[in-house]
Amino acid sequence: IYTSGTTGDPKGAMLTHRNLVSNAKATYKHLVVGDSVVGPDDTFLSFLPLAHSFERMIHLLALAAGSKVVYSHGVRTLMDEMATQKPTIMGCVPRVYESIQEKLMETAAKGPEKNRKLFDETIAVGKKMLEYRQAGKVPGIVTATKHLVLDKLVAEKVRQKFGGQWRFWISGGAALNPDTARFFIALGFNLLEGYGLTETSPVISI
């Protein structure tokens, strides 16, 4: 597989099928979302080119799980495909997630002031809940109640626009902006980050 030149000039990386399969099998073994592993009831939305090592690994993960794969027509149709196909899993490069974040923030900014304030408050409270979770602490009753209400009023409606069936998104191919990750987690999306070079086969951070 030819790399994009992240580590210098573009170069060919020789990988065996076993390299990719071992990563897919290891990921499948440990990837438990909620009370279940990835399985036949899942639908993967394939957006990246199949020549991309990250996308190849995701495809092998889908095959190992017996899941369905839906192929995207490209960035212009991605949002519609999310809404109509109702996928549960997708892997993309950070720029795609950043673009979606920018679009959501732009839409909120153009809306009525009341809606914009509710959206901003939803993000702020969602990030606060994430901080509590990362610190292993329990949020106070006021924060928890506010989060519950805002999730129902705002975040759930956003998730429905994206199909409403997501179990998780995977970001790979470059470093994900922490603010983008917190933004989507605040809205109730389970966003995982992949890592690794083409030369070493990519993996998913659990």
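**Exercise 1. Strand β3 and its neighbours**

Work out which way the side chains of strand β3 (residues 43-46) point and whether they are buried or exposed, then find the strands that pair with β3.

*Solution.* Keep in mind that you are working with a predicted model.

Step 1: Take the residues by side. Thr-43 and Leu-45 point one way from β3, while Phe-44 and Ser-46 point the other way. All four of these residues are buried.

Step 2: Look for the partner strands. Strand β4 (residues 68-71) runs parallel to β3, and four bridges join the two. Strand β5 (residues 89-92) also pairs with β3 in the parallel sense, here over three bridges.

**Exercise 2. Salt bridges within and between helices**

Count the salt bridges, then describe the pairs formed by Arg-95 and Lys-146.

*Solution.* Step 1: The distance rule asks for a side-chain nitrogen of Lys or Arg within 4 Å of a carboxyl oxygen of Asp or Glu. By this rule, the count is 12 salt bridges.

Step 1: Start with Arg-95, whose partner is Glu-98; the closest N and O atoms are 3.3 Å apart. Both residues belong to helix α4 (residues 94-110), where they sit three residues apart, about one turn of the helix. With a relative accessibility of 45%, Arg-95 counts as partly exposed.

Step 2: Go on to Lys-146, which forms a salt bridge with Glu-121, the closest N and O atoms being 3.5 Å apart. This pair links distant parts of the chain, since Lys-146 is in helix α6 (residues 141-161) and Glu-121 is in helix α5 (residues 113-134), 25 residues apart.

Step 3: Check the accessibility of both partners. Lys-146 has a relative accessible area of 36% and is partly exposed. Glu-121 is partly exposed as well, at 31%.

Step 4: The side chains of Asp-151 and Arg-159 meet in a salt bridge of 3.0 Å, N to O. The relative accessible area of Arg-159 is 18%, so this residue is buried.

Step 5: Finish with a network. Salt bridges link Glu-113, Arg-116, Lys-117 and Asp-120.

**Exercise 3. Helix packing**

For the pairs α5 and α6, α4 and α7, and α1 and α2, give the angle and the axis distance, then classify each pair.

*Solution.* Step 1: α5 and α6 pack at about 125°, and their axes are 9 Å apart. That angle makes α5 oblique to α6. The crossing of α5 past α6 is left-handed.

Step 1: α4 and helix α7 (residues 178-186) pack at an angle of about 60°, with 10 Å between their axes. These two helices are therefore oblique to each other, and their crossing is left-handed.

Step 2: Helix α1 (residues 17-30) packs on α2 at about 55°, with the axes 9 Å apart. Here too the angle makes α1 oblique to α2. The crossing of α1 and α2 is right-handed.

**Exercise 4. A positive phi**

Find where Lys-86 sits, give its phi, and decide how accessible Lys-86 is.

*Solution.* Step 1: Lys-86 is found in the loop between α3 (78-85) and β5.

Step 1: Its phi is near 50°, which is a positive value in a residue other than glycine.

Step 2: The relative accessibility of Lys-86 is 40%, so Lys-86 counts as partly exposed.

Conventions: Residues numbered from 1 in each chain as written. Predicted model: local features only at pLDDT ≥ 70, side-chain atom pairs only at ≥ 80, totals over all residues. Heavy atoms only, no water. Buried < 20%, exposed > 50% of the residue type's maximum accessible area, 1.4 Å probe, protein only. Pairing = 2+ DSSP bridges. Axes fitted to C-alpha atoms, helices over the stretch in contact; angles between N-to-C directions. Parallel < 35°, antiparallel > 145°, perpendicular 65-115°, else oblique. Left-handed = near helix turned anticlockwise from the far one by under 90°.
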